[in-house]
Amino acid sequence: MSAGIEVVNATKQYNVFALEKIDALRDISFSIRKGEYVGLLGMNGSGKSTLARLINGLLKPTEGKVYINGMDTADPANMLEIRRLVGMVFQNPDNQLICPIVEEEIAFGPENLELPLEEIRRRVDWAIHICGLEEKRQHAPHLLSGGQKQMAALASVLAMLPEYLVLDEPTSMLDPQSRRMLLKQLYILNQQEGVTIILISHNPEELLQTDRLIVLDQGSIFLEGTPREVYANAKLKDLGLDAPSLYQLIDQLELNQFSVPESIKSIPELVKHICQEL
Amino acid sequence: MGGMKLGQYIYGDSMVHKLDPRTKIICCTLAVISVMVSINWYYLFFLLLLMVAIIISSRLNLKFILKSMYQIKTFLLITLLFQAFLTPGQAVLTIGTISMTREGLILGSINILRLIILFMCSLILLMTTTPMKLSTGIEYFLQPLGKLNMPVHNFTTILSISFRFLPTLFEEATIIKNAQKSRGSEFDSPQLMVKIKSYAAVVIPLFEASLSRAADLGEAMDSRCYTSHPNQLRMNSLKMKGQDVLALLFVSVIVLAGVPISILMK
Amino acid sequence: MPGVIEIDHLFHTYAKGSPYEVEALKDIALSVDQGEFLGLFGPNGSGKSTLIQHLNGLIRPQKGSVTVCGIDASNPKLSRDLWKNAGLVFQYPEHQIFQISVYDEVAYGPRNLKLPEATVKERVYEALQQVGLIQENIAHLPPVTLSGGMRRRVAIAGMLAIQPEILILDEPMAGLDSAGRNMILDIIKKRQEKHETTVMISHSLKEIMTITDKIAILDSGCLVFNGKVKDLLNKPEVLAQYPFDLPEYLQIVYEFADKGFDIKTNISSIREAGEEIIKLQKELEQLRISPA
């Protein structure tokens, strides 16, 4: 079995009122290796959410195949294993917390996996610790802030020990501070725990720390490459997407014989680099 | 962030708060049974005093509870009148062909007293027990039904999801109501049609939001491998302590001794 | 001349006398002039929502005074009609849509104003145009068939059609992509051109940097800053305390300034930041060539 996510010529059609057929995704192919941090960028309605659900097996492709570690998502026998392997965090923090208290929310996944009680407790403790929710453990979800809710959602997915984490615009309903916290958490998970991350967003600034970007437009892959390759591409403007300020600045500096290494992925890193050069 | 709602859990650390939810459910059930069985004034008054004592000792706001009880006065009055007119006996007041009877008035008053006791009893249960604990307690008692192939777990999941989302729903309703007020909805209009239309402007979006929430929740549950399973973590959080045994003993004595005595004394 | 919004010594307490008592606003004094744009900042639960609900009569002042367009908001008879003067668009307004067509949805407010149907029609089409919904037939589509971003536009049009003197927006850009954000900015800019007043709750200085005149910051019910953006940028202690989401170009020059470099900080684009860095480099090179 090959490790990784493999999407082969996937097309997804929706029926609108049983009359029209709309292609949400058209003939999409790409693969994601284990341990990668991939960003899926696109405007509202570009098919990002549909793609996320294909990877998790919540939706099946109308045509083509999606393989997770070599398992076909269309095969019902693989369903539970795929859902365990691919954790999903959704956009709306309010609509994905199921249980009346945080601790139980996090235990929900492991309980479904029918793990022994001791193991459930261990995982809940671990996930609560890693997401910094110790104080909120016994709270009701509606008493948490948006950022804390999203952290709880992340923790409840992590407790299933997924290999892949798909996040469907997880920050779009958060304030900037919570947004930064969540992104930092994702980076740590990717670097330290080796979790493969697929982060979906319409905001280029959020995808700075990714290894690779896939840009979607109207259900097709529009651009693909490292963030710097993608943002250097003039075609991005056609989508109404501006390159993040960081890359605008790097461009400008490089035009002035100022070299910036590929590894720089944030403004503080860039400033530090320039200071060393000066 | 509205005001206090009747029956909403109030945080506290009194002995009643700390009891196991199962204890409280059993005690309440016993109290309900004894109220239903007994028609002895003294016994009912004793129970009423007991309820007031529990409310005070668990530091619930007695004034608030009495005030909200006053709001159902019409309901209580109708109960009294029905009983008074429909029970045969010695007439005290005759209107046309029907007459109010002495027996009816007594029975009606007893029923009002019963209702008040039941009302207080259920408020004590709701206001001192977190929804979470309450549903765990109910789940515990329903467990035997699972052995008869009844979908107990699905039922308790539904229960726990409703506990989870009721506060969110209230919040949402308040926001939508305020938003429609900001566009000129008149919720206090004297014209019934205007009023109905205004409320429709709240109910429709609320319903729509609930539908889309249900779809989202379904996805969230599916993506975390939802299967029907008993909730181990929750079940294991229940613990009976010494105070639970005492409370159960106390209530059992009151019911087991009180009911026969009250019947005998009649 | 008094401002179009005048708030003085305003206090508000929720659930007074209950165990859940919360002091949501403490001694707020604030005024906004005709045609100004006020950005309202503050962490969650700081009292922003409570404050703006005072402006359109949803909450009447318990203590202190609120005057909006010359109307005393504490007068129960007058505050009932305050919604006509101060239009409040709640967060995620697309969740409050309930009519069966876009037209009826936008017409709901004007109809509540008891305007003749011809005027209502005029206002609906004008409002739809303002939010960029100019396609034919869109007025007769059911709102459910539209995407989230489009529904947001419809909801905002529903408020614009009331033509309030003051427009109050509670995080109107939350969850929108860049096209949606630009639409909101356009609406506000047009209002500024027409000398109309706008109040907006935001979490991001970056978002409203180009349009804002004034900023007010609430924290735990207290007004901790009230003034011009320029003055705010000169207060590093306030900037450090609250997560403003500063524009990147400012983040960069501030970082350099922090590290002790002599760099211009009153710039307004990433381009200028780059130019400043290049200038800095050249200066330092010059120093190296001629160490004297």
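This is a short tour of a predicted model, with a residue or element to select at each stop.

Before you start, residues are numbered from 1 along each chain as its sequence is written, chains are lettered from A and ligands numbered from 1 in the order in which they are written, and side-chain values use heavy atoms, without hydrogens or water. Because the model is predicted, local features need pLDDT of at least 70 and side-chain atom pairs count only at pLDDT 80 or more, while totals for chains, interfaces and linings use all residues.

**Stop 1: chain C as a whole**

Select chain C, which holds 11 helices and 10 strands. Helices here are DSSP runs of H or I with at least four residues, strands are runs of E with at least two, and both are numbered from the N terminus. The C-alpha trace of chain C spans about 80 × 55 × 40 Å along its principal axes. Of its 292 residues, 54% count as buried; buried means under 20% relative accessible area, exposed means over 50%, and partly exposed lies in between, with a 1.4 Å probe and protein chains only. Contact means heavy atoms within 4.5 Å. Among contacts in chain C between residues at least 6 apart in sequence, 61% join residues at least 24 apart.

While you are in chain C, pick C:His9 in strand β1 (residues 5-14). This residue is not a glycine, yet its phi is positive, near 45°. Most residues other than glycine have a negative phi. C:His9 is partly exposed, with a relative accessible area of 46%.

**Stop 2: the largest nonpolar core**

Now colour the buried nonpolar residues. A nonpolar core is a set of buried Ala, Val, Leu, Ile, Met, Phe, Trp, Tyr and Cys residues joined through side-chain atoms within 4.5 Å. The largest one has 125 residues, and A:Leu154, A:Leu165 and C:Phe244 have the most contacts inside it. Helix α5 of chain A (residues 146-158) supplies the largest share, seven residues.

Zoom in on A:Leu165. Beyond its neighbours within four places in sequence, its contacts include A:Gly87, A:Leu154, A:Val157, A:Leu186 and A:Thr196. Step across to A:Thr196, in strand β8 (residues 196-201) of chain A. A:Thr196 counts as buried because its relative accessibility is 0%.

**Stop 3**

Select helix α3 of chain A (residues 102-112): 11 of its 11 residues are buried. Among them are A:Glu103, A:Glu104, A:Glu105 and A:Glu111, as well as A:Ile106 and A:Phe108. Just after this helix, A:Glu114 takes a positive phi of about 55°.

Another positive phi, about 45°, belongs to A:Glu169, also not a glycine. Look for A:Glu169 in the loop between β7 (164-168) and α6 (176-192); at 9% relative accessibility, A:Glu169 counts as buried.

Next, go to A:Leu59, in the loop between α1 (48-56) and β4 (63-68). A:Leu59 is buried at 18% relative accessible area, and its contacts beyond four places in sequence are A:Lys12, A:Tyr14, A:Thr50, A:Arg53 and A:Leu54.

**Stop 4: chain B and its two domains**

The domain assignment, which is automatic or taken from a database, gives chain B a domain 1 (1-129 + 242-266) and a domain 2 (164-227). Their centres, taken over C-alpha atoms, are 34 Å apart.

Start with B:Val16, in helix α1 (residues 15-18). B:Val16 counts as buried, at 13% relative accessibility.

Then show helices α8 (residues 152-181) and α9 (residues 192-223) of chain B, whose axes come within 10 Å and cross at roughly 140°. The axes are lines fitted to C-alpha atoms over the stretch in contact, and the angle runs from 0 to 180 degrees between N-to-C directions. Residues making the contact include B:Ile161, B:Phe165 and B:Leu169 of α8 and B:Val202, B:Leu206 and B:Leu217 of α9.

Finish on B:Ile158, also in α8. Is B:Ile158 buried or exposed? B:Ile158 is exposed, with a relative accessible area of 58%. Its C-alpha is separated by 38 Å from that of B:Ile39, 119 residues apart along the chain.
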